[in-house]
Amino acid sequence: MNRQLIVLLAAEGISMLGSRITFVALPWLVLTSTDSALLAGVAGFAEMVPYILAGLIGGPIVDRVGPRPTAVVADAASVLAVAGIPLFAFYQSASLGVLLTLIALAGALRGFGDAAKRALLPRTIAAAGVSTERGTTLYDGVSRASTLVGLPLAGLLIAAFDPATVLLFDAATFAVAAVLIGALLRVGFADAAACDETEEHGYGAALRNGFRYVRDDRLILGVMSLLFVTNMFDQAYATVFVPVWVREGPHGPAALGVVGTAFGLGAVAGNILYTVIAPRLPRRRTFGICFFVGGPAQLVALAFTNEVWVVLATAAISGALMSTVNPILLAAVYRRIPAHMHGRVFSVLISVSWAGIPLGGVLGGWVTDVLGLRTAALLAAIGYLAVTAAPFVFPAWEALDRTEQAARKAVAAA
């Protein structure tokens, strides 16, 4: 494998590992401090809204400045922002508002960094000389492996230390990622020559072009709409439903990470299997079936049982099924977007898709407080089933298979 791709995957894996730990530690910190599922959701809201907005406004900047320098600056600044959260938490007089402000700043910086790294990925894949499917599958595999390691590690660290201290680990991972990308990666500089000379100039025009592109591409619009809703349900599951399930059952904090471990094991196994059999599978049907079954299954398990083994088994199966979703979407979308527009188009796509995440934490917390965990999880599962039927219903999703056929013809012609 090309060294440049290894460097990017290593930086992403280390950074994601820290983010997965924070993903568990932050809501647990707020939930145990306030005894409120709603405030645990608010903490997720405080991080994700700035994350989404920063990713959105950062797209044109990434295209103009270059994804590599943007990623390095954002990760370096994230070290200070994330480290500030536990430092302020050590003071008993620190208000929830101060902590939420620091969480928001950390989310905004991570949004800039992730937007840059998403634009770095297709450039690095091209430089490595590997296929788009193989590159995106490797990228997704790194993400899944980080989840596999990070979530149980978070549970163990929280059990051994307090959650505020655990956040320092995330700050260190940002520092490592910044050094790797800044010192060893040699792709992703700004390339003004690649820009379309007919485009309007200026930041506002670049951002409008990103929105226009997403609006005019029916497949990308469908992907964005579907992910907006499913991300909302996934966030409610991860940041509200699972912590409440752990707190109400005979489980200690380590169980927070065990559920994620089961999902991660299934996802890594599924990722490896999909890497082997992907060329023989139809994209749209594979994507639709795996999303329709794998997404709601975990919610149904929480709604109907307190048995840990049932929840873990369901999480593992869900992970295996869901491991196909990101590689299929990334490969299809990267092929459809011109290279010089990756930053702004992906900023729109990801920002709108992820706008459901902060809503999911708040709505999930509110419904859980009002109706209880089981009812809230069941309602989320029903909603998940309804929206993931879209690839079987709407013709725009047939473009997944057409994109696959076009790519095979291009390879054959070469």
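Me: How many salt bridges does a search of the whole structure find?
Reply: The model is a predicted one. A salt bridge here needs a side-chain nitrogen of Lys or Arg within 4 Å of a carboxyl oxygen of Asp or Glu. Searched over the whole structure, the number of such salt bridges is six.

Me: Which residue forms a salt bridge with Asp75, and where does that partner lie?
Reply: The closest N and O atoms of the pair are 2.9 Å apart, within the 4 Å cut-off. Asp75 sits in helix 3 (residues 67–89), and the pair links distant parts of the chain, 42 residues apart. The partner is in helix 4 (residues 96–128), and its name is Lys117.

Me: Are Asp75 and Lys117 buried or exposed?
Reply: Buried means under 20% relative accessible area, and exposed means over 50%. On that scale, Asp75 and Lys117 are both buried.

Me: Which residue is linked with Asp75 and Lys117 in a network of salt bridges?
Reply: Asp75 and Lys117 form a salt bridge with each other. The network that links them has one further member.

Me: How many residues apart in helix 4 are Asp114 and Arg110, whose side chains meet in a salt bridge?
Reply: The N to O distance in this salt bridge is 3.7 Å. Asp114 and Arg110 are separated by about one helical turn, because their spacing in helix 4 is four residues.

Me: Why does Asp114 count as buried, and what is the relative accessible area of Arg110?
Reply: The cut-off for buried is under 20% relative accessible area. Asp114 has 17% relative accessibility, so Asp114 counts as buried. Arg110 is buried too, with a relative accessible area of 16%.

Me: What is the handedness of the crossing of helix 12 and helix 13, and which residues of helix 13 make the contact?
Reply: The crossing is right-handed. Helix 12 contributes Leu330, Val333 and Tyr334 to the contact. The residues of the contact divide into five nonpolar, one polar and no charged. On the side of helix 13, the residues are His342, Phe346 and Leu349.

Me: At what angle do helix 13 and helix 14 pack?
Reply: The axes of helix 13 and helix 14 (residues 356–371) are 5 Å apart. Angles under 35 degrees count as roughly parallel. Helix 13 is roughly parallel to helix 14, the packing angle being about 10 degrees.

Me: How many residues in the contact of helix 13 with helix 14 are nonpolar?
Reply: Helix 13 supplies Val352, Ser353 and Trp354, and helix 14 supplies Gly356, Ile357 and Pro358. Of the residues in this contact, two are polar and no charged residue is present. The number of nonpolar residues is four.

Me: Which residues does Thr305 contact, leaving aside its neighbours within four places in sequence?
Reply: Thr305 lies in the loop between helix 10 (283–304) and helix 11 (308–322). Thr305 is buried, with a relative accessible area of 13%. With those neighbours left aside, Thr305 is in contact with Trp245, Val310, Val311 and Arg374.

Me: What distance separates the C-alpha atoms of Ala40 and Thr239?
Reply: Ala40 is in helix 2 (residues 37–65) and is buried, with a relative accessible area of 3%. Ala40 touches Thr239, along with Pro27, Val30 and Leu31, not counting residues up to four places away in sequence. Ala40 and Thr239 are 199 residues apart along the chain, yet their C-alpha atoms are separated by 7.2 Å.

Note on methods: Residues numbered from 1 in each chain as written. Predicted model: local features only at pLDDT ≥ 70, side-chain atom pairs only at ≥ 80, totals over all residues. Heavy atoms only, no water. Helix = DSSP H or I, 4+ residues; strand = E, 2+ residues; numbered from the N terminus. Buried < 20%, exposed > 50% of the residue type's maximum accessible area, 1.4 Å probe, protein only. Left-handed = near helix turned anticlockwise from the far one by under 90°. Contact = heavy atoms within 4.5 Å. Nonpolar A, V, L, I, M, F, W, Y, C, P; charged D, E, K, R; others polar. Axes fitted to C-alpha atoms, helices over the stretch in contact; angles between N-to-C directions. Parallel < 35°, antiparallel > 145°, perpendicular 65-115°, else oblique.
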